[in-house]
Amino acid sequence: PGRVRLLAKLRDRGVKVGVLSDYGRVPERLEALRIPVTLVDETASAEDSGSLKPSPRPFLFMAARLGLEPGDCIVVGDREDMDGEGARAAGMAFLGVTASGRARPPLFGWHEIPGKLDLAAGRV
C-alpha cells in the first residue's frame with residue numbers, strides 16, 4: 001500500500017526513479033505488482049550490468065542510466081545484505097523497506113518511506 005502514490009509524488013517532483021531487480025523481465029514484474037511502468041524512468045536487472053548484487057556494479061549501472069552521480073542516489077530496497085551493502089559500496093544512501101508487519105530499523109514499512117524521504121517538506 002502506498003507505493004503507487006509515492007512513485008507518483010516522486011514523478012511530480014521531478015525525481016528520477018529507477019527499478020533495479022535481481023533478474024530480468026522488470027516491466028512485467030512491476031505490472032504484476034500493479035505498479036505502472038510509466039511511473040519509473042528506467043528499469044534494469046542486475047544481470048544487465050554483468051554482475052549480481054551485492055556488487056556495486058548494478059547500482060552504478062542504474063545511476064549511469066538515470067544520468068545521476070552515485071552520491072545523488074538513494075536506494076530503497078528490501079534486503080540489507082544485498083541492496084544495502086551494494087548501495088553503500090557504490091557510494092549511495094540506502095533506505096530499507098519491508099512489506100511485513102515487522103518493520104523496524106533498519107527496515108521501514110512502505111507507509112513510513114515518504115516521511116523518510118521528507119516529501120512533506122518538498123525535499124528528497
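Colleague: Is Asp 83 buried or exposed?
Modeller: First, a caveat: this is a predicted model, where local features need pLDDT of at least 70, side-chain atom pairs count only at pLDDT 80 or more, and totals for chains, interfaces and linings use all residues. Residues are numbered from 1 along each chain as its sequence is written, and side-chain values use heavy atoms, with hydrogens and water left out. Buried means under 20% relative accessible area, exposed over 50%, and partly exposed in between, using a 1.4 Å probe and protein chains only. At 7% relative accessibility, Asp 83 is therefore buried.

Colleague: Which residue's side chain meets that of Asp 83 in a salt bridge?
Modeller: Side chains of opposite charge can pair when their charged atoms come close. The cut-off for a salt bridge is a side-chain nitrogen of Lys or Arg within 4 Å of a carboxyl oxygen of Asp or Glu. Here the N to O distance is 2.9 Å, and the partner of Asp 83 is Lys 53.

Colleague: How many residues apart in sequence are the parts that this pair ties together?
Modeller: Helices (H or I, at least four residues) and strands (E, at least two) are DSSP runs, numbered from the N terminus. The salt bridge between Lys 53 and Asp 83 joins the loop between β2 and α3 to helix α4, so the parts it ties together are apart in sequence by 30 residues.

Colleague: Which residues do salt bridges with shared partners join into one network?
Modeller: Take Lys 53, which counts as buried because its relative accessibility is 10%. Through shared partners, one network takes in Asp 22, Lys 53 and Asp 83.

Colleague: How many salt bridges are there in the structure, then?
Modeller: Another of them pairs the side chains of Arg 11 and Asp 41, at 3.6 Å from N to O. That one links distant parts of the chain, 30 residues apart, with Arg 11 in helix α1 and Asp 41 in the loop between α2 and β2. Both ends are partly exposed, Arg 11 at 35% and Asp 41 at 36%. The total for the structure is 6.

Colleague: Which helix holds Arg 65, and which strand holds Glu 42?
Modeller: The two side chains form a salt bridge of 2.9 Å, N to O. The pair ties together parts 23 residues apart in sequence, because Arg 65 lies in helix α3 and Glu 42 in strand β2.

Colleague: What arc do the buried residues of α3 cover around the axis?
Modeller: Those residues are Pro 58, Phe 59, Met 62, Ala 63 and Leu 66. They sit on the same side of α3, because the arc is only 140°. The arc is that of the directions from the helix axis to the C-beta atoms, and the value for α3 is 140°.

Colleague: Which elements do the buried residues of α4 pack against?
Modeller: Asp 83, Gly 84, Gly 86 and Ala 87 are the buried ones in α4. Their arc is only 165°, which puts them on the same side of the helix. Contact means heavy atoms within 4.5 Å, and the elements they pack against are α3, β3 and β4.

Colleague: Which residue follows α4 with a positive phi?
Modeller: There is a glycine just after α3 too, Gly 67, with a positive phi of about 75°. After α4, phi is near 85°, and the residue is Gly 91.

Colleague: What is the volume of the largest pocket?
Modeller: On a 1 Å grid over the protein atoms alone, a pocket is an open set of points where a 1.4 Å probe fits, with protein on both sides within 12 Å along at least five of seven lines; lining residues have an atom within 4 Å of a point. Points are joined across faces, edges and corners, and the volume is the space filled by probe spheres set on them. For the largest pocket that gives about 1400 Å³.

Colleague: Which residues lining the largest pocket are the closest to its centre?
Modeller: The lining has 43 residues. Elements giving two or more of them include β1 (18–21) and β3 (74–77). Closest to the centre are Gly 18, Val 19, Leu 20, Val 76 and Gly 77.
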